[in-house]
Amino acid sequence: MAQTDSKVLVLGALAGVAGISLAVVCYRGLRSKRRVSWPGFPGFYQNRTNDPGSGLLLVDGPVLPRGQAEVLERLEALIQCVSELKEEMKALKTALPALPNQVREELKGHSEARRFSAQHRTAATRRKKAAGAASSPDRRSSEDAESEGGYITALTDSEDEEQSDEEQTPGKLSILLDRIDRLRQGGESDKRKSLSVLLEQRDEFGQNSEFLWRLTRAYCDVHDVSGTLEEKKTHAENGKAVGEEAIKVNPKCAESHQWYAIMCGIMAEYDSIQNKIKNGYIFKDHLDKAIELKPQDPLSYHLLGRWCYAVAQLSWIERKVAATLFGEPPSATIEDALKNFLKVEEIHPSYSKLNYVFLAKCYKALGQSEKARKMCEAASSMNTVCKEDEEAQKELDLLYPSVRV
């Protein structure tokens, strides 16, 4: 999932503001010197109110050559962009003090949803058992059975929660989910068909987390194959909303947390700076939860490894910016990233071409060129069958020559 890189590396974009501002200051100083030191060119400025076709208005002197005029026009536009960016940074600075509380409130809301969902499933299970006992007098449920001492023995909430959605899934839904999983293995048309089928069945199965996390995944897949920015953003927004709904329906479903985290990462490409920071916290929280609930899922470790790798690559200036925005910047090392990528291989050998590429990157960064070369060879031996593999091959073509003996 190459999109997840952008959620972490957004800090680098913020750090670039300092460089742009410095360039603007230098440009203004240079322009001022030119006005003073050139006798025949007392000054010029961009025309915003007069002739719209000329772009420049002459002031007591001849027009500069076209090449210089175009450069100055672009610099004026850059100044305007920087001014707008400064306004957004001011707004961000104002909102930052309240950001931790917003994140805590959102995470608290997920926690409350988990408790409500558990209580709801407990009540539903007990009603079902009571109905079964009424229809079969000879069969007593665990709630109705009395112990030798005369006490009622009842199912605990934790026992109720252990009943998964699969145990309660009707045959029709099982057939539908199997079909969706098969469609996902196909090309772009199959992925779009998968989303269309899920949306058609949402009214009937929209309260099942197994259905909902697959719908979130389908939005992610169609986002990746979409051609326009508007279409991508729409699928990302819809997918995130469905992912949040899936967690509320069943907070114990690891896939719901995993795909909601992925959608939060994708939304970082389209959100404001404030929401990018907020989604960064949420991404990590739900990814950790997915690993807690399903510790043998290689995808979660792969995503966590990429997050660690990106954080470890932050420069000094990027860390300073992160510290300003977060209070405490995210912390991870290349060793942390390597540990997660190796965990992927432990769970699922030859998991993906991209996982081998990241293993090679980690070994190279740690100065272990021989191991990095072996990982590149392993990646080269795998076929390219999807878009992620194509991206991995591009990175491999750049990386492999640097680790060859």
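## A buried methionine

M263 is buried, with a relative accessible area of 0%; buried means under 20%, exposed means over 50%, and partly exposed falls in between, using a 1.4 Å probe and protein chains only. You'll find M263 in helix α11. The model here is predicted, so to speak of a local feature takes a pLDDT of at least 70, side-chain atom pairs count only at pLDDT 80 or more, and totals for chains, interfaces and linings use all residues. Residues are numbered from 1 along each chain as its sequence is written, and side-chain values use heavy atoms, leaving out hydrogens and water.

What does M263 touch, not counting residues up to four places away in sequence? Its partners are T216, C220, H235, A236, G239 and K240, where a contact means heavy atoms within 4.5 Å. Take H235: M263 and H235 are 28 residues apart in sequence, and their C-alphas are 9.6 Å apart in space.

## The helix around it

Helix α11 covers residues 254-267. Helices here are DSSP runs of H or I with at least four residues, strands are runs of E with at least two, and both are numbered from the N terminus. From first C-alpha to last, the 14 residues of α11 reach 20 Å, close to the 20 Å expected at 1.5 Å a residue; that expected span is 1.5 Å times one less than the number of residues. How many residues of α11 are buried? The count is 14 of 14, so this helix is mostly covered.

Leaving aside neighbours within four places in sequence, S256 is in contact with S209, W213, A246 and I247.

## Cores and the whole chain

A nonpolar core is a set of buried Ala, Val, Leu, Ile, Met, Phe, Trp, Tyr and Cys residues joined through side-chain atoms within 4.5 Å. The largest one has 48 residues, and I262, I266, W307, C362 and C376 touch the most other members. Elements giving two or more residues to this core include α9, α11 and α13, and α13 gives the most, with nine residues. There's also a second, separate core of 17 residues, with L176, L177, L212 and V242 among them.

Zooming out, the protein has 18 helices and two strands. Buried residues make up 42% of its 405 residues. Among contacts with a separation of 6 or more, 64% come from residues 24 or more positions apart.
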